[in-house]
Amino acid sequence: MAWRSHGKTNVELISNMARNGIIEADRVISAMKKVDRANYVLDKSKAYEDRPQSIRYDATISAPHMHAYASEHLLPYIKPGARILDVGSGSGYLTAVLYHLASEDPSRPGKVVGIEHVPELVQFSVENLKKDGLGDALESKAIEVIVGDGRKGYAAGGPYHAIHVGAAAPELPQPLVDQLASPGRMFIPVGVDAQYIMHVDKDENGKVTQSQVMPVQYVPLTGRQALSP
């Protein structure tokens, strides 16, 4: 299904994913069309292919269909003014999509924090976000990208209505669960040999439930060690 979504332009890529049933929500279609993937990849000639791409430092930008799935699964918790944490924010691509989702109402802009343990990728993502027209959001700190251990989250910016984790954790990181708002949802790949996307939901009373969504294959969620440039 994914390869059938390749496009020659960003709009064509998103439109093909919608036609193939990968994206269903108009809000997600609109947000993803505002974020030009060519500004976030190293190989511009393959920017609109629906496949992951290396961004160095043992990191990748996920395939567009995985960013679409993440956005759709978190969407019920992303209201105007929502606070969102993007763990392993990498290139900054999904950080930008989540910002547009949370800031559809200009009078109630959202707040998105991207956290990444590789300083060079933080700088890369900031440059990408600026190229994509989000310099003002960075200046106002509506988007903030920080260097840190994503497994520990960023409590100072929480609690978060939505948390996206872009790398696989061997087990559920408790600090991220603690930083979920009530209500809130985390979208996280969990596992080592066999990985699954998990929904971690916290209701308005603080009760936490977990559900397995789909099998996946992500790079591991780690601290900074033994990284390749």
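Five bridges join S3 to S4, and the two strands run parallel. Pairing here needs at least two DSSP bridges between the strands. Strands (E, at least two residues) and helices (H or I, at least four) are DSSP runs, numbered from the N terminus.

A word on the source. This is a predicted model: local features need pLDDT of at least 70, side-chain atom pairs count only at pLDDT 80 or more, and totals for chains, interfaces and linings use all residues. Residues are numbered from 1 along each chain as its sequence is written, and side-chain values use heavy atoms, without hydrogens and water.

Back to S3, residues 83–87. Is it mostly buried or exposed? Four of its five residues are buried, meaning under 20% relative accessible area (1.4 Å probe, protein chains only).

How does the chain get from S3 to S4? It crosses through H4, and this β-α-β crossover is right-handed. That is, with the strands pointing away from the viewer, the path from the first strand over the helix to the second runs clockwise.

S3 has another partner. Four bridges pair it, again in the parallel sense, with S6, residues 160–165. There, isoleucine 84 has alanine 162 as its bridge partner.

Last, the lining of the largest pocket. By class, it has 18 nonpolar, 16 polar and five charged residues. Nonpolar covers Ala, Val, Leu, Ile, Met, Phe, Trp, Tyr, Cys and Pro; charged is Asp, Glu, Lys and Arg; the others, Gly among them, are polar.

Methods:
Buried means under 20% relative accessible area, exposed over 50%, partly exposed in between (1.4 Å probe, protein chains only).
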